Amino acid sequence: MKLAEFGATPAGGVNRLALSDEEIAARKVLVAWAQDAGLKPRHDPVANLFFRLEGSDIGAAPVLSGSHIDSQPTGGKFDGTFGVLAALEAVSAIAAHGKRPRRSIDVVAWMNEEGSRFSPGMMGSEAFTGQRPLEDIFAVVDAEGVAVKDAVARVLDADAGIASGPLGFPVHVFVEAHIEQGPVLERDGLAIGVVTGIQGSRRFRVTVTGEAAHAGTTPRGERRDAVLAAARMINALAGLTAEPADVMFTVGLLRVRPNAPSVVPEEAYFSIDLRHPDNAVLTRLGDAIAACCAQEKGPCGLDVQEIASAPSLDFPEALRRRISTVAERLGLGWREIYSAAGHDARQLHYHCDSGMIFVPCRDGISHNEAEWAEPEHLADGARVLTDVLWDAANDP
Ligand code: HGY
Ligand code: MN
Ligand code: MN
């Protein structure tokens with residue numbers, strides 16, 4: 001609730017975009033809470049933020065747990081934030097009981113998971129795991145032309161007095177707690193979701209180039225209307241991706257230039273977010289997108305860029321079992337569940353054994369200001385996370 005004050009919207013949601021002033025203010029509160037708990041804060045060159053509970057064997061690869069505190073523009077209080085605060089709560093509780101694990105435990109808030117201000121998302125975890133070169137990440141600009149490189153420098157400056165750490169280090173196990181962002185756990189009346197994997201996704205940006213012209217005087221045959229062409233493309237893409245029924249196709253961003261009512265649009269720029277659990281389906285449909293757009297372009301120019309591609313994955317069985325064993329031990333109802341939403345754990349999966357713990361959220365609503373989760377569900381998730389982190393931090 002306190003963190004939700006940073007970027008709070010009148011409708012009760014959160015607008016705390018990556019590397020924004022709101023996120024800088026929220027980081028300061030996180031650091032203060034961590035220091036109160038006796039943890040050591042540090043950041044890395046892409047402004048990932050870490051809080052460490054030092055273990056007795058400081059040479060052993062640490063356990064890592066966390067998520068993100070950046071939000072969508074009309075985001076909720078819990079997406080990402082729960083995972084960071086549950087990890088902070090877990091480590092604070094361990095420290096408060098004077099218990100010292102063998103392996104250090106690091107809490108992490110990843111930079112720019114959501115990818116709305118700077119696309120694509122998951123930049124912090126991609127840089128940490130070496131999945132995307134730092135210069136590519138730093139070169140991305142937002143709609144105002146601000147580059148990630150400059151926005152990161154500003155955040156690092158604002159992190160007054162925080163130690164700097166390396167970009168990437170060996171990790172024993174990564175665990176991310178997150179609200180489900182779907183209706184299954186609530187429908188089944190279960191407290192814990194043991195996440196089996198994450199569906200694959202491919203993201204594109206399409207630029208349709210027409211010609212600005214007078215809306216009243218320009219004859220139809222002479223028009224190069226970028227919006228009419230984009231509309232035909234989006235409609236055709238919806239048809240292309242209509243089957244199988246569980247293909248997720250979203251055009252969430254559409255920018256028109258000059259975006260003036262009496263000017264035939266000279267440019268339409270739109271996003272494509274395509275997701276499916278079967279990599280073969282994702283390959284077949286994703287590879288057909290450019291041709292599908294080209295068929296509808298008419299007299300306009302067309303540029304289709306794929307900006308991110310991540311195959312569907314299954315988390316390791318042993319870590320899933322570790323989570324379900326803890327849920328059993330705590331007497332909490334659980335089930336296995338597949339993640340339709342993307343998470344930083346998808347990047348860590350290629351770096352170390354990774355897993356996720358879901359808790360229910362009301363009506364499965366997320367990426368919406370009405371997002372809500374019950375305190376006792378959040379507490380149950382944090383309890384499972386605490387035991388999982390403690391167990392893993394004492395692995396030989
Ligand atoms: O889009 C996603 O799946 C994530 O919530 N950013
Ligand atoms: Mn999230
Ligand atoms: Mn999200």
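P258 is found in the loop between β11 (254-257) and β12 (263-264), strands being DSSP runs of E with at least two residues and helices runs of H or I with at least four, numbered from the N terminus. The structure is a predicted model, in which local features need pLDDT of at least 70 and side-chain atom pairs count only at pLDDT 80 or more, whereas totals for chains, interfaces and linings use all residues. Residues are numbered from 1 along each chain as its sequence is written, chains are lettered from A and ligands numbered from 1 in the order in which they are written, and side-chain values use heavy atoms, with hydrogens and water left out.

The bond that joins R257 to P258 is a cis peptide bond, with omega about 5°. A cis peptide bond also runs from S119 to P120, where omega is near -5°. P120 lies in the loop between β4 (105-110) and α3 (123-128). In the backbone at A47, phi is positive, near 70°, in a residue other than glycine.

A nitrogen atom of ligand 1 is 2.8 Å from an N or O atom in the side chain of E114, and a nitrogen atom of the ligand is 3.2 Å from an N or O atom in the side chain of E113. For R275, a side-chain N or O atom is 2.7 Å from an oxygen atom of ligand 1. On its own, ligand 1 has 220 Å² of accessible area, of which the protein covers 92%, as computed by the Shrake-Rupley method with a 1.4 Å probe.

Helix packing was examined through axes fitted to C-alpha atoms over the stretch in contact, with angles from 0 to 180 degrees between N-to-C directions. Helices α1 (residues 21-36) and α2 (residues 81-96) pack at about 15°, their axes 10 Å apart. This angle makes α1 roughly parallel to α2, the term for angles under 35 degrees, with over 145 counting as roughly antiparallel, 65 to 115 as roughly perpendicular and the rest as oblique. The crossing of α1 past α2 is right-handed, that is, the near helix is turned clockwise from the far one by less than a right angle.

The axes of α7 (residues 226-240) and α8 (residues 279-295) come within 10 Å and cross at roughly 150°. α7 is therefore roughly antiparallel to α8, which α7 passes in a right-handed crossing. For α9 (residues 317-329) and α11 (residues 375-393), the packing angle is about 125° and the axes are 9 Å apart. These two helices are therefore oblique to each other, and α9 passes α11 in a right-handed crossing.

Technical notes. A polar contact is a pair of N or O atoms within 3.5 Å; within protein, one must be able to donate a hydrogen and the other to accept it, and residues adjacent in sequence count only if both atoms are side-chain atoms.
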